[in-house]
Every structure is written in C-alpha cells, then in structure tokens.
Amino acid sequence: MIETALHLVVGTWSDVGGRGLYDVRLIDGAWVVGDAFADAPNASFGVHASRHGLHYIIDEHAGTIGVFSHDGRGWVRITTIDARGTAPCHLALNDDQTLLAVANYGSGSVSLFRLNVRDGLPIGDVQTHVHRGSGPNAQRQEGPHAHWVGFGADGRWLYQTDLGTDQVLAFPIDRQGVMGPPAIAFAAAPGAGPRHLAIHPRIGGIAYLASELANSLTVLAAAEGAFHERRTVSTLPDGWVGESAVAHVAVDRAGTRLYVSNRGHDSITVFALDADGMPTPIQHVPVGGASPRFFLLIEDHRLIVVANERDGTLTMLTIAADGRLGPTGVSLPIPGAAFAFRV
C-alpha cells in the first residue's frame, strides 16, 4: 500500500478556471494533484474546528460559508451559512471554538456567529457591525474593506483590519460571546491599506500588521484592545522599483522568523525576529510563480506551500535550519489557486 506522507487541499477561484477544492498529496516523494470537489466554489479562505472535525470555508462570490466534514476519503457539505455581508474573505475561531468571526470585504463589515458546543453549527442571532469611512486611495479605499479578523489571546477582544479606512478595530467580547461596539485600536499611515495581522506566538502583546498598499510590516505592541507602533519596515528590497502589494504574513512556531508574501515582486520576505520580536529582513526569495496570495507553513516537512493566484500554480519552497527559504523546483498547475490547508 502506498503511504501518503502529506495531504493538502487547495481552494480556487471559479472565474479563472478553478473547479473547487483540489486534493494534493505527497506520495513516495512525488506530488500528485487529484480530483476537485466541485461543491466548494470560490474557496478563498477557511478554518478548521478540531473540536467537531468541521471546516468552515468561504464562498467569496456567493457571500456564504460552507460547513464541511472530511472523512479522509472525501468531503461532505453539512450546511451553508449566510455571511451577512458581501465578499467574505477571512474567518477566525476563538480558542474554545464557540465563536466564528467573518470579515466581509465588500460590505466593510464583521459578522460574529455563536456556535453550538455540541455540533459546531451556528445558533442564536448573528451579530454584525458595518464600518464607515474611506482612505486617500480612490481606487482601493473608496469605502471600508474588512480584510482580516482574529481573536486576542485572552479571548476578550476581536480584532479587524480595514484596508479601506487604514484602521485596525477592536471589538470587546464578553463571557456570553456578545460583541460590543468597536474602538479604533490602531490608525495606520494614510493609504497604507492594512491587510493581515499576525500575533507573535511566544511574546505576549506583540503583533505584526502587513499593509498591502504600503508594502510594509508594522510591529505593534498591544494593551487592552489598543495597539501602539514600535517599528515599521518595508517588505521589498532596497532600490526595487515596480508595482507590488503585500498579501499574507505568518510567524513560525518558535517565534524567530516571520514571512511576508509580495505580489508583483513575487517573493517572500524572510525577517529574523530578535528576543523582543523586532524584525530584520534577511532574505527576499522568488516564489516561482506570479502573485503569491497565500502561503502555508508546514514546519514538520520544512516546507512553505505558496498559492499563486495570477498564474494558477502551487509552488513549494524549502525552509532551511536558519529559516531561510530555497527553491524545490516543484510547481503544480492548479487554476485559480487562492489558498491551501492541511488535512
């Protein structure tokens, strides 16, 4: 019997040829792209609830969230949830997996669902907040655009980045899971376009804001629902000229390396993090594809898997002992590749 060493799933955009969720496996040292599960179109992001074995996966075009299970052989859709906003693009679960937050890019809103502890399905009324405002970039910041959501380590705050208003919002969450009105936790530089935020896994109160339009990484110190800027650095090499836009950011488990993808420069920037969490760029490495929208750290296999949305490929980079990245030569054609996860 052939042993499967690694099993990935890739979500895709249907308007550029994607056919749903693609099965990708590493078998005896070779990557194999299997059939697509068609009942999950425009799957641009998702999260896994280990408590119930459920996957919550966005359909960004339909404005819905599919709830799926996977038994190791195939996918089953359990139900479909209305995201209560347009163009949902990001999801987050709290630590005990009783709350599911959704960032709706098109409507500039956040939705918060309570989840039943018995089955992980939504219960009760949906809480929503629609933000207001705009930014100086007339094409990208004509209104609010929620792009990321995430819960603080203590579960008392829900954070949201807004690319359209150059803000990070903080919603207080009480013990019953009720979301209070937001405060502006951080005001980024005008036109920066905050996209994603990553929280340091080992240093309390440190987070990293990746701003799409400014191609920057900002180190934030957190305290009681507010962030204070400690340092801002570019994600691009000195002297580089051209169009680029930051996409994804992630920190390794040890908290010593941070990775940011650049669409246009088509690279991942590797930052070394010191004992205080301060970043120093140590590498800008080509991803081997065009427009790296998302990447997945698979540290036990010393790999980064990159979904390149413009050319529809999944590429692999190796992670060296010092955290630097190197090419593998692996490039798998997957039309509309948007994000990837491990099952």
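Strands, like helices, are DSSP runs numbered from the N terminus, a strand (E) having at least two residues and a helix (H or I) at least four. In this predicted model, local features need pLDDT of at least 70 and side-chain atom pairs count only at pLDDT 80 or more, whereas totals for chains, interfaces and linings use all residues. Residues are numbered from 1 along each chain as its sequence is written, and side-chain values use heavy atoms, with hydrogens and water left out.

Two residues are set side by side below, where buried means under 20% relative accessible area, exposed over 50% and partly exposed in between (1.4 Å probe, protein chains only).

| Residue | Relative accessibility | Class |
|---|---|---|
| L8 | 0% | buried |
| H200 | 7% | buried |

L8 belongs to strand β1 (residues 4-12), and, with residues up to four places away in sequence not counted, L8 is in contact (heavy atoms within 4.5 Å) with residues including Y22, W31, L296, V305 and F341.

H200 sits in the loop between β16 (194-199) and β17 (206-211). A polar atom of the H200 side chain lies 3.0 Å from the backbone nitrogen of I203.

Elsewhere, an open sheet is formed by four strands in the order β12-β13-β14-β15, with antiparallel pairing, where two strands pair if DSSP finds at least two bridges between them. Because β12 (146-151) and β15 (183-187) each have a single partner strand, one side of each is left without a neighbour in the sheet. Five bridges join β12 to β13 (residues 157-162), and A146 stands opposite D162 in β13.

Methods: Polar contact = N/O pair within 3.5 Å; in protein donor to acceptor, adjacent residues only side chain to side chain.
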